[in-house]
Structure formats: structure tokens, C-alpha cells
Amino acid sequence: MKLRQSIYITALVLSFGLAVGCSSDDNGTYMDDEMMMDDDMMDDDMMGVDFTGTFAQVDHLGRPGINTTLSYDMEGEASVKDAHNTTIPSEMSAAFQMGFQARLEQYHDVYALKLGLDPADVNYENNILGLDAATLTTVLAADVLEVAPDLPTTYFNPGTDLDNDGNILVPDGDEVALTGRHPNDDIIDVSLILFFGGMEGDRFSGQDLDDDGMADLPRLTSDGVGLTADISTTFPYLGAPE
Amino acid sequence: MRKTTKYLLGLVALVIAATVLVSADHIDAPSSAGTTADIADFYAFEPSEGSDNTVFVVDLQSNVLPELAYGAFDEDVLTEINIDLDGDLVEDQVIQAIARDGRMYFFGPIAPSQTGLSSEVNTDAALGNVEISGATAVVETTSDGVSLFAGPRQDPFFFDFFQFNAVISPETDSAPGGFLPPEEAADTFDGANTLSIVVEIPNSMLGTPTATNALGLSVYKTWVTTNRKQ
């Protein structure tokens with residue numbers, strides 16, 4: 001198989017159809033015009049279906065993009081990405097945190113060179129959650145997605161003062177955040193802010209420092225895109241295939 | 001390690017890693033990339049404010065790039081949604097899904113007889129099953145109030161992935177300005193489809209979590225795996 005390495009950034013951090021319904025239902029009930037009910041299902045219709053066998057894990061995902069972004073494979077060495085996919089979460093931080101932290105610093109080195117600066121002078125700075133690189137990557141290495149059963153879902157929403165206390169970015173104990181991931185959550189921008197945004201979340205955001213109409217710092221805290229797919233407020237929540 | 005050495009190693013790594021891209025987990029590693037067991041994405045959310053249910057969405061495979069496996073659920077691939085209640089990062093409840101002859105069968109939630117990297121189908125804990133949809137969504141709701149779906153859907157992930165690859169390229173003239181402003185940026189996944197498995201389940205069937213997130217809020221700690229028949 002052709003080696004494809006996905007590099008994608010993401011991450012949250014902190015321990016943080018349509019098709020017109022052609023109903024087969026006896027009553028001809030249209031739940032809405034996006035779906036139809038399946039009335040074949042009965043508890044007993046597993047009869048004769050073979051589910052035997054042993055299954056071995058091949059892929060894993062908690063927070064989107066962590067493995068793809070912060071793991072990397074070196075030619076000639078065993079794949080770290082594959083190892084991540086077959087490591088149980090309780091053992092992930094010990095196995096992968098150091099590699100993740102090195103990768104995070106490498107991203108900063110790349111931009112130091114593009115800016116004509118010494119890579120030694122451009123390093124990760126504690127992010128909007130106050131996390132240093134070691135703590136951030138420790139959290140991210142344990143690749144699980146947290147979802148609150150009894151609270152609204154908010155992956156994280158930088159720039160929103162969730163509790164109206166005037167403290168926009170730094171959690172102070174009463175925000176509702178890190179409570180899941182909804183299809184419209186912009187996990188990429190959140191991840192970029194956590195990786196490159198520094199304490200204020202806007203460290204590299206295309207600033208025009210000398211006011212000459214040209215950006216002097218790169219835009220690294222947002223990829224500039226939002227949701228384009230159709231989503232729905234009713235089950236199964238995702239739009240019909242295009 | 002001296003910074004210069006670290007830097008050089010970094011460049012080597014980036015050159016190798018920059019061979020491609022893709023999504024939230026789409027194509028993330030050599031052994032699973034582009035196969036029928038490739039997990040593309042994972043969502044977990046409250047369906048509406050005040051709801052007593054949780055929705056899990058697992059996206060498998062993707063047609064965002066050519067040459068990727070896409071279009072049919074593999075009957076040799078068992079998908080598992082793992083739920084940790086106490087915060088030890090070991091699954092306390094598992095929901096399984098596997099395709100057979102045009103239907104997706106679901107099992108659990110159940111405390112697994114063994115945790116870890118090897119699984120068997122929990123046939124004693126049938127949850128329900130649903131016809132695998134075509135373009136029209138076919139849904140099933142069980143007597144327990146669980147909603148089930150499996151089939152192709154639009155991939156809701158969004159990311160200017162090609163620009164991202166330019167951004168992380170070590171070439172000094174590659175995207176020196178970083179990402180593009182919104183009027184120039186493009187969602188690589190616009191128009192892409194994925195194979196979705198969606199389960200909406202009452203929280204009462206999962207249990208009450210004692211785990212908390214960084215803000216002290218009670219949360220399930222969840223992850224999805226794919227497992228291939230041996």
C-alpha cells in the first residue's frame with residue numbers, strides 16, 4: 001500500500017439526507033423528508049448470522065488529528081503512527097508525549113526559517129489555557145474525546161466569554177467547554193490556536209506590525225474555512241451524500 | 001540535543017511527513033491508511049439542549065482523495081465505540097457495529113469481557129440492527145429508544161488541507177504568510193463523502209460518569225477503534 005501520511009492539525013487539547021423519504025413503514029410515516037424508518041428490524045433477526053471470530057485493532061481515534069499531526073514516521077524505522085493506533089489510551093501518554101513535544105517544536109522551527117529567524121529563537125509559548133508544551137502534549141497524547149452527558153456540546157470556542165465574566169480565553173472554572181465535538185465545531189482553528197496562538201491566542205495571526213498594509217507575521221491560528229457540508233438537527237444529523 | 005541537530009532532524013521528518021494530507025484521522029497511518037478499516041472521523045455530542053441522549057458518529061473511509069477504499073462497509077471490520085466512565089482511560093462500556101449482508105448490527109453497550117486490542121462480537125448483547133442506507137437515510141429506533149444509522153453521508157469535516165501542507169513544508173518559500181484569508185481559503189473536504197455509523201443512545205444506558213474534564217465537568221471519555229477479523 002502506498003504510504004500516505006496525513007499531517008493534519010487538530011486537536012483539542014485540554015483535558016479538553018437527503019433523499020426523499022420513501023417510506024417502507026406500514027403507516028407510510030415520513031419522519032421528515034430526509035429519512036425513512038426501517039421496519040425490518042426485530043430482535044430475533046440475528047438468527048443464522050455468523051459473528052464468530054477474533055478481531056484485532058488496526059485504527060484508533062479520540063480527538064481528531066492528534067496522531068496525524070503530532071506523530072511522525074522516519075524512513076527505515078517502525079511506524080509511530082501505526083504504534084499509536086494500536087496502543088491502549090491508558091498507555092499513550094507514556095509512549096508518545098516526548099515525540100509529540102518534539103514535533104510541536106519542529107513546526108515552530110519551520111516558521112522561524114521562513115521568517116528568516118534563528119529556530120532557537122522561535123519556540124512554542126504557553127497557550128491560552130496556560131499549558132506549557134510538556135503539559136499540552138501529555139494531555140493530547142492520551143487520545144480520547146470527552147463528551148458531557150448533561151451539558152451543551154462545546155469543543156472549545158476561543159473568543160467567546162461563555163460565562164460573561166469578561167475573561168474570554170482562560171478557563172476560570174465555570175465555563176462550559178470541552179464537552180464533546182459537534183460537526184460544526186471548528187476543531188482545526190481551535191487546534192491551531194492551541195499550538196501557535198500563545199497566551200492570547202493570536203501570536204501568529206497575520207499581524208501588520210509596521211502598518212504598511214502587508215502582514216509581517218504568518219497567519220497560523222486559523223485556516224480560514226468553515227463548515228461546507230450539510231448537517232441536520234435531526235437524526236442522523238449528517239447530509240445525504242453528494 | 002543541540003538545537004541545530006534537532007532542527008535538522010525536524011526538517012527530515014517534515015519532508016517525509018509532508019507527502020500527504022488528509023483529515024481528522026483520515027489516512028493517518030501506513031497500516032490503516034486508505035483501507036476499509038480507516039477511521040476518518042469521530043464525533044460525540046448532545047443532540048439538542050437538555051437532551052438525555054448522546055450521539056456518536058463514526059466516519060469510516062473517505063472519497064476525499066482518489067485511490068482510497070470507499071463505498072462499502074467491510075464485513076471483516078468490527079467498529080467499537082469505547083466509553084470510559086471513571087477516567088482511567090480503560091473502556092467500561094463498549095458499543096459494537098459490524099455489517100452483514102446489507103445490514104449493520106449493533107451490540108452493547110456492555111462491559112467488555114476483556115479490554116484492550118483484541119475483541120469478539122458480544123452476541124449476547126444485541127442492541128439492534130438497521131438496513132445499510134443508500135442515498136436515502138434509513139433509520140431504526142429500538143424499543144430502548146436507541147436510534148441507529150449506517151450508510152454514506154457528506155463528510156462534515158472542514159479544513160484547507162492543501163494549504164496546511166504548504167504551511168508545514170520546510171521550503172522557505174512555501175506559504176511564508178501561513179494560511180489564507182477566508183476569501184481565498186478552500187475547504188478540501190467540500191463535496192467529499194464518508195461512510196457513517198450513527199448511534200443516538202439514552203445516557204441512562206451508558207451509566208453516570210465520575211470522570212471529569214479540565215474544567216471539572218463530568219464527562220465520558222470516549223474513543224473509537226476498528227478491528228479486523230483474524
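Thr123(B) sits in the loop between strand E6 (118–119) and strand E7 of chain B; helices (H or I, at least four residues) and strands (E, at least two) are DSSP runs, numbered from the N terminus. This is a predicted model, where local features need pLDDT of at least 70, side-chain atom pairs count only at pLDDT 80 or more, and totals for chains, interfaces and linings use all residues. Residues are numbered from 1 along each chain as its sequence is written, while chains are lettered from A and ligands numbered from 1 in the order in which they are written.

**Around Thr123(B)**

- Is Thr123(B) buried, partly exposed or exposed? Thr123(B) is partly exposed, because 14 other C-beta atoms lie within 10 Å. The cut-offs: buried takes 20 or more other C-beta atoms within 10 Å of the residue's own, exposed takes 12 or fewer, and partly exposed is in between, with C-beta atoms placed from the backbone.
- Setting aside neighbours within four places in sequence, Thr123(B) is in contact with Phe51(A) and Phe107(B). Being in contact means that the C-beta atoms, placed from the backbone, lie within 7 Å.
- Phe107(B) is 16 residues away from Thr123(B) along the chain, and their C-alpha atoms are separated by 6.8 Å.

**Strand E5 of chain B and its partners**

- Strand E5 (residues 103–110) of chain B has seven of its eight residues buried, so the rest of the structure largely encloses E5(B).
- On one pairing, strand E4 (residues 93–100) of chain B runs antiparallel to E5(B), with six bridges joining them. Strands pair here if DSSP finds at least two bridges between them.
- Within that pairing, Ala99(B) is opposite Met104(B).
- The hairpin of E4(B) and E5(B) has two residues between the strands, and Asp101(B) takes a positive phi there, near 50°.
- E5(B) also pairs with strand E7 (residues 126–131) of chain B, antiparallel and over five bridges. Arg103(B) faces Glu131(B) of E7(B) as its opposite number.

**Strand E2 of chain B**

- How many residues of strand E2 (residues 53–62) of chain B are buried? For E2(B) the count is 10 of 10, so the strand is mostly covered.- Strand E1 (residues 39–45) of chain B is joined to E2(B) by six bridges, and the two run antiparallel. Ile39(B) has Leu60(B) as its bridge partner in E2(B).
- Strand E10 (residues 193–202) of chain B pairs with E2(B) too, in the antiparallel sense over nine bridges. In this pairing, Asp59(B) stands opposite Ser196(B).

**Helix H3 of chain A**

- Helix H3 (residues 92–114) of chain A has 23 residues and reaches 33 Å from its first C-alpha to its last, close to the expected 33 Å. The expected span is 1.5 Å times one less than the number of residues.
- H3(A) has a kink of about 30°, centred on Met98(A). The bend at a residue is the angle between axes fitted to the seven residues ending there and the seven starting there.
- After H3(A) comes Gly116(A), with a positive phi near 75°.

- Some background: most residues other than glycine have a negative phi, and most peptide bonds are trans.
- Leu89(B) has a positive phi of about 65° although it is not a glycine. Leu89(B) lies in the loop between strand E3 (77–84) and E4 of chain B, and counts as buried because 20 other C-beta atoms lie within 10 Å.
- Asp211(A) has a positive phi as well, near 60°.
- Pro236(A) is in the segment after helix H5 (187–196) of chain A. The peptide bond from Phe235(A) to Pro236(A) is cis, with omega near 5°.

**The two chains overall**

- Chain A has five helices and three strands, in the order β-β-α-α-α-α-β-α from the N terminus. Of its 242 residues, 52% count as buried.
- Chain B has two helices and 11 strands, and its elements run α-β-β-β-β-β-β-β-β-β-α-β-β from the N terminus. Buried residues make up 58% of the 230 residues in chain B.
- In chain B, 57% of the contacts with a separation of 6 or more are between residues 24 or more positions apart.

Conventions: Contact = placed C-beta atoms within 7 Å.
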